[in-house]
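Have a look at the model shown here.

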Amino acid sequence: MFKKLLVAVDGSDLGYKALEHAEALARATEGELVVLTVSDSESHATQHKRLGLFSDVHDNSTTQILNDILNVMVGSSVKYKLRSETGVPADVIISVAKQCECDAIVMGSRGLSKITKLFIGSVSSEVINHADVPVVIVK
């Protein structure tokens, strides 16, 4: 089964729900987690600003997201590592999963607003279509 899971947390409610599901799955399989948060690269942030497309996810700082992750993981018996990266989210998620030799990726079905999703595509769809490991989508 899955011994090492990458869970992508973007600050959205579904991102935290994905973390809770990944923690439960890792606990049940005696696995471990790589908990990843990705800040958009400068080029993406600039595009969003130019188009006026910001969602509630972009209002959260990386520090706040990391603190929220720590609060969820407090008291868990699951071994985990926190990672914070900058880049195009789908690309970074897939790359880190490969680097860490993860057996699967767990993520929320959507973290961006519907309007933003129309312009830049769905991160979860990109990961599903390009990852070499199973992807568990939480909704």
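## About the model

The model is predicted: local features need pLDDT of at least 70, side-chain atom pairs count only at pLDDT 80 or more, and totals for chains, interfaces and linings use all residues. Residues are numbered from 1 along each chain as its sequence is written, and side-chain values use heavy atoms, leaving out hydrogens and water.

## Thr 37

Thr 37 sits in strand β2, residues 32-39. Helices (H or I, at least four residues) and strands (E, at least two) are DSSP runs, numbered from the N terminus. Thr 37 is buried, at 3% relative accessibility. Buried means under 20% relative accessible area, exposed over 50%, partly exposed in between (1.4 Å probe, protein chains only).

Beyond its neighbours within four places in sequence, Thr 37 is in contact with residues including Val 9, Thr 62 and Arg 83. Contact means heavy atoms within 4.5 Å. A polar atom of the Thr 37 side chain lies 3.1 Å from the backbone oxygen of Val 9.

## The cysteines

The whole structure has zero disulfides. A disulfide is a pair of cysteine sulfur atoms within 2.5 Å. The sulfur of Cys 102 is 5.1 Å from its closest cysteine sulfur, in Cys 100, so it is too far for a bond. Cys 100 is buried at 13%, and Cys 102 is buried at 6%.

## Two positive phi values

Most residues other than glycine have a negative phi. Glu 30 has a phi near 55°, a positive value. Glu 30 lies in the loop between α1 (13-29) and β2, and is exposed at 70%.

Glu 101 also has a positive phi, near 55°. Its loop runs between α5 (89-99) and β4 (104-108). Glu 101 is exposed, at 63%.

Definitions and conventions
A polar contact is a pair of N or O atoms within 3.5 Å; within protein, one must be able to donate a hydrogen and the other to accept it, and residues adjacent in sequence count only if both atoms are side-chain atoms.
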